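Thanks for sending this one over. Here are my notes, as numbered points, for you to read alongside the model.

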Amino acid sequence: MLAANVQTQAEMMDKTGWSKAKMSQLYNGKQDFNSVVLTEAAQALNAKPFELLMPPADAMAIRQLRKTAIQIAADSRSTFIHELGEDGRTGTNG
């Protein structure tokens, strides 16, 4: 919750629609989570469900790696298109 800047149980309840009892039980480990709870929590925290099953630092590292990979791919595509030329052929004279 803290990694997603959700500071209190009340904030999480607002984001998920969970009752106070459900939130308290989940938070204190008195209720097991299931796929529905995991999905609801992930949506509320703007995360992927699998990210909630790992330490926050690991999840953030994976997010950063993905972001960097997407940027590298975008930069490479831009360079490739520039080298092809606007008409899609190599060189500038076609």
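**Notes on the model**

1. Let's start with Thr16: setting aside neighbours within four places in sequence, Thr16 touches Glu40 and Ala44 (contact: heavy atoms within 4.5 Å). Thr16 belongs to helix α1, residues 9–16 (helices are DSSP runs of H or I with at least four residues, strands are E runs of at least two, both numbered from the N terminus). Thr16 is classed as buried because its relative accessibility is 18% (buried is under 20% relative accessible area, exposed over 50%, partly exposed in between, with a 1.4 Å probe and protein chains only). A polar atom of the Thr16 side chain also sits 3.1 Å from the backbone nitrogen of Trp18.

2. A word on the basis of all this: the model is predicted, so local features need pLDDT of at least 70 and side-chain atom pairs pLDDT 80 or more, while totals for chains, interfaces and linings use all residues. Residues are numbered from 1 along each chain as its sequence is written, and side-chain values use heavy atoms, without hydrogens or water.

3. On the overall fold, the protein chain has four helices and zero strands, in the order α-α-α-α from the N terminus. Of its 94 residues, 16% count as buried. Among contacts with a separation of 6 or more, 20% join residues 24 or more positions apart.

4. Which residues make up the largest nonpolar core? They are Val6, Met12, Trp18, Met23, Leu26, Val37, Ala41, Ala44 and Leu45, nine in total (a core is a set of buried Ala, Val, Leu, Ile, Met, Phe, Trp, Tyr and Cys residues joined through side-chain atoms within 4.5 Å). Both α2 and α3 give two or more residues to this core, and α3 gives the most, with three. Beyond its neighbours within four places in sequence, Ala41 contacts Met12, Trp18 and Leu52.

5. The largest pocket has a volume of about 630 Å³ (a pocket is an open set of points on a 1 Å grid where a 1.4 Å probe fits, with protein on both sides within 12 Å along at least five of seven lines; lining residues have an atom within 4 Å of a point; the volume is the space filled by probe spheres set on the points). Its lining has 25 residues, with Met1, Met12, Ala41, Leu45 and Leu52 nearest the centre. Helices α2 (20–27), α3 (35–44) and α4 (56–84) each supply at least two lining residues, and α4 has the largest share, with four.

Technical notes
A polar contact is a pair of N or O atoms within 3.5 Å; within protein, one must be able to donate a hydrogen and the other to accept it, and residues adjacent in sequence count only if both atoms are side-chain atoms.
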